Amino acid sequence: PIECLDHRLESEAQVTDGFGLCSVGLELARGEGELGTVVVRKVLEGGTAARSKMAVEVGDAIVSVDGREVRVGEDSAEDVEGWLHGRCGTWARVEVASRGTGTVTTWDLMRGTREFLEMQLEEAVTRAWCAREGKGGEDSEEE
């Protein structure tokens, strides 16, 4: 049975890096032979990049994060990974250039670990069910 109580995350530290920070699930590296371009080294399973079916592939270049352009030869992979980190549940706008075509695609990705995202989904489904059934949160009357 679903309990219609206050469904806020009770222990965010259990589903984050311990500091309330998360990323979008991309590991980055300095591209080889590309004048220092920052590229995708790995798409992490369970991260929002993988879960969103983001069509990013290993070797694709990161163009910008939240409007902050990657300065080729100046910004390191670690710098750009830092830009992708933020408070869990916040959004990162990531522009990626395809290694194959050079086409730039923009993605809005929520920062979060797999556990954080699963808790967010469960919370949203519960709230929707409770609202549909007319059972609110803390302020509603018990049946």
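The model is predicted: local features need pLDDT of at least 70, side-chain atom pairs count only at pLDDT 80 or more, and totals for chains, interfaces and linings use all residues. Residues are numbered from 1 along each chain as its sequence is written, and side-chain values use heavy atoms, without hydrogens and water.

**View 1. The chain and its surface.** Of the 143 residues, 36% are buried (under 20% relative accessible area; exposed is over 50%, partly exposed in between; 1.4 Å probe, protein chains only).

**View 2. Order of helices and strands.** The chain contains 3 helices and 8 strands (DSSP runs numbered from the N terminus: H or I of at least four residues for helices, E of at least two for strands). Read from the N terminus, the order is β-β-β-α-β-β-α-β-β-β-α. Among contacts (heavy atoms within 4.5 Å) with a separation of 6 or more, 58% join residues 24 or more positions apart.

**View 3. The disulfide of C22 and C88.** The whole structure holds 1 disulfide (a pair of cysteine sulfur atoms within 2.5 Å). C22 and C88 form this link, with their sulfur atoms 1.8 Å apart. The pair connects distant parts of the chain, 66 residues apart: C22 lies in strand β1 (residues 21–22), C88 in the loop between β6 (86–87) and β7 (91–97). The link is right-handed, with 70° about the S-S bond.

**View 4. Burial of the two cysteines.** C22 is buried at 2% relative accessible area. C88 also counts as buried, at 7%.
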